[in-house]
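Trainee: I would like to learn how to read a protein model. Please take me through it feature by feature.

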Amino acid sequence: MTPTPHITSLDVGTGYLAPFQPAYRSALEGSGTATVDIVVPVYNEERALPGCLRTLHAHLSDGFPFPWRITVADNASTDDTLKAAYRLADELPGVGVVHLERKGRGLALRTVWGASEADIVAYMDVDLSTGLDGLLPLVAPLASRHSDLAIGSRLAPGARTVRGPRRELISRCYNGIIRLTQGVRFTDAQCGFKAARTEVLRPLLHVTRDDAWFFDTELLLLAEHNGLRVHEVPVDWVEDIDTRVDVVSTAAEDLRGLWRMARLKASGDARVDLPRRPAPAAEHPDAVLAPSSRRSVLTWEVACFAAIGVASTAGQALLYWLLRGWWSPAVANLISLLVLTVLNTEANRRLTFRHSSARPTLVHLGAGGLFLLGYLVTSGAVLWFKHLDPGASPAAETVVLAAASVLVTVVRFTVLRSAVFRSPARHSS
């Protein structure tokens, strides 16, 4: 018999959300009262679902310190998955079922998460590839409000994974492409083990568009683009050899999704109004740093900028020397300077001026102007040297280029610090 629905306000489909189960009473009592809704999206999983729900239910009942419930999100299964889900909901307290008429993991998560009144929503794959010992570390930073989203990572230090070389290679390449093209910090976008604070998640859900597997990546890109804090948990993960995922076609869809997200961020439409936590006093826009603090900040910025500058100068000189065998001095300098300027700017944004609130787009535009200046100065120096000594070797040209780059670096630091990465707290007196 189908249970009487408790909630009928779902955007798509029918079903009910179970009441929350009481928190485990232990020494952890009082550490937080956040409610947690754990969603298990399924499609034609009548065989795997009973074992998953019973294992997950036993784990939560045995010691989970927050009020919880489990919601099965059946997205258009064509077998007896929905019947199995209802039978398990009758058997296990705290288990609810939502049925959607259309297929898609992203659609299922967006629908159920958007309708949930829990403080924290999470999801995991029905195959339980990720060890459940990672569930509490996933949820705890959100309950304490330290972080906004939490993800399991198979690529973070300390993670232990068992999977075939083909899937390992595809996963590492895909996550490497995300980090390279989107400038993000998280390491694993597609692990089926994630959680978020509902307060900050709902505005993001209105911007997400993907109904399938790219939904995870889309959500994380939006979260980091809008300044939310993403916590990573290294997990134990064992590949399910009976997986229904077509890895190659999914990877192709993901690449198209990355291109769409890059355009969305460039247009400014990826910005979302979100509730913000108060900034620390030293980072508050109206804060004024004491002289000793300003000296400490300046020392860090100079040292970090210098270290990055040395590495960039050496990298540019090496790249110039390698390219000089094929191209003229001007072309070799242009390519080497362009590549190292992009890397240098991103390194300074993340490390040297990490407390600045400057938008990445404006930062790279400002760096582009400085790039033109650097190119003119360094190219002029090399051409002038060639004019004085037409027979000079590429090694001698490289020395002149490095000296000119040092001058450009000093100018870049002054302009970046005073204009591009300007901080009211640092410059107030």
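Mentor: We will go through the sheet, the helices on it, and a few loop residues.

Trainee: What should I know about the model before starting?

Mentor: This is a predicted model, in which local features need pLDDT of at least 70, side-chain atom pairs count only at pLDDT 80 or more, and totals for chains, interfaces and linings use all residues. Residues are numbered from 1 along each chain as its sequence is written, and side-chain values use heavy atoms, with hydrogens and water left out.

Trainee: How are strands put together into a sheet, and in which order do they come here?

Mentor: Strands of a sheet pair through backbone hydrogen bonds, either parallel or antiparallel. Helices (H or I, at least four residues) and strands (E, at least two) are DSSP runs numbered from the N terminus, and two strands pair if DSSP finds at least two bridges between them. In this model eight strands form an open sheet with mixed pairing, in the order E1-E4-E3-E2-E5-E8-E6-E9. Strand E1 (14-16) and strand E9 (230-234) are at the edges with a single partner strand each, so one side of each has no neighbour in the sheet. On average, neighbouring strands of this sheet are turned by 20 degrees against each other, direction ignored.

Trainee: Which strands does E2 pair with, and how do they run?

Mentor: E2 (residues 36-42) runs parallel to strand E5 (residues 120-124), and four bridges join the two. Val-39 stands opposite Tyr-123 in E5. E2 also runs parallel to E3, with seven bridges between them. There, Val-36 has Trp-68 of E3 as its bridge partner.

Trainee: Where do the side chains of E2 point, and are they buried or exposed?

Mentor: In a regular strand the side chains alternate between the two faces of the sheet. In E2, Val-36, Ile-38, Val-40 and Val-42 point one way, while Asp-37, Val-39 and Pro-41 point the other way. Seven of the seven residues of E2 are buried. Buried means under 20% relative accessible area, exposed over 50%, and partly exposed in between (1.4 Å probe, protein chains only).

Trainee: How do I read two packed helices, and what is the angle between H3 and H6?

Mentor: Two packed helices are described by the angle between their axes and the distance between the axes. Axes are lines fitted to C-alpha atoms, for helices over the stretch in contact, and angles run from 0 to 180 degrees between N-to-C directions. H3 and H6 pack at an angle of about 130 degrees, with their axes 10 Å apart. That makes H3 oblique to H6; angles under 35 degrees count as roughly parallel, over 145 as roughly antiparallel, 65 to 115 as roughly perpendicular and the rest as oblique.

Trainee: Which residues make the contact of H3 with H6?

Mentor: Contact means heavy atoms within 4.5 Å. Arg-110, Trp-113 and Gly-114 of H3 meet Leu-201, Arg-202 and Leu-205 of H6. These residues divide into three nonpolar, one polar and two charged. Ala, Val, Leu, Ile, Met, Phe, Trp, Tyr, Cys and Pro count as nonpolar, Asp, Glu, Lys and Arg as charged, and the others, Gly among them, as polar.

Trainee: Why is H6 said to be largely enclosed?

Mentor: Six of the eight residues of helix H6 (residues 198-205) are buried, so the rest of the structure largely encloses it. The buried ones are Thr-198, Val-200, Leu-201, Pro-203, Leu-204 and Leu-205. They pack against H3, E5, strand E8 (193-197) and helix H7 (215-225).

Trainee: At what angle do H3 and H7 cross?

Mentor: The axes of H3 and H7 cross at roughly 55 degrees and come within 9 Å. That makes H3 oblique to H7 as well. Among the residues in this contact are Leu-109 of H3 and Phe-215 of H7.

Trainee: What does phi tell me, and what is the phi of Asn-44?

Mentor: Most residues other than glycine have a negative phi, and most peptide bonds are trans. Asn-44 is not a glycine, yet has a positive phi of about 50 degrees. Asn-44 lies in the loop between E2 and H1 and is buried, with a relative accessible area of 16%. Ala-76 also has a positive phi, near 65 degrees. Ala-76 lies in the loop between E3 and helix H2 (81-91), and is buried at a relative accessible area of 17%.
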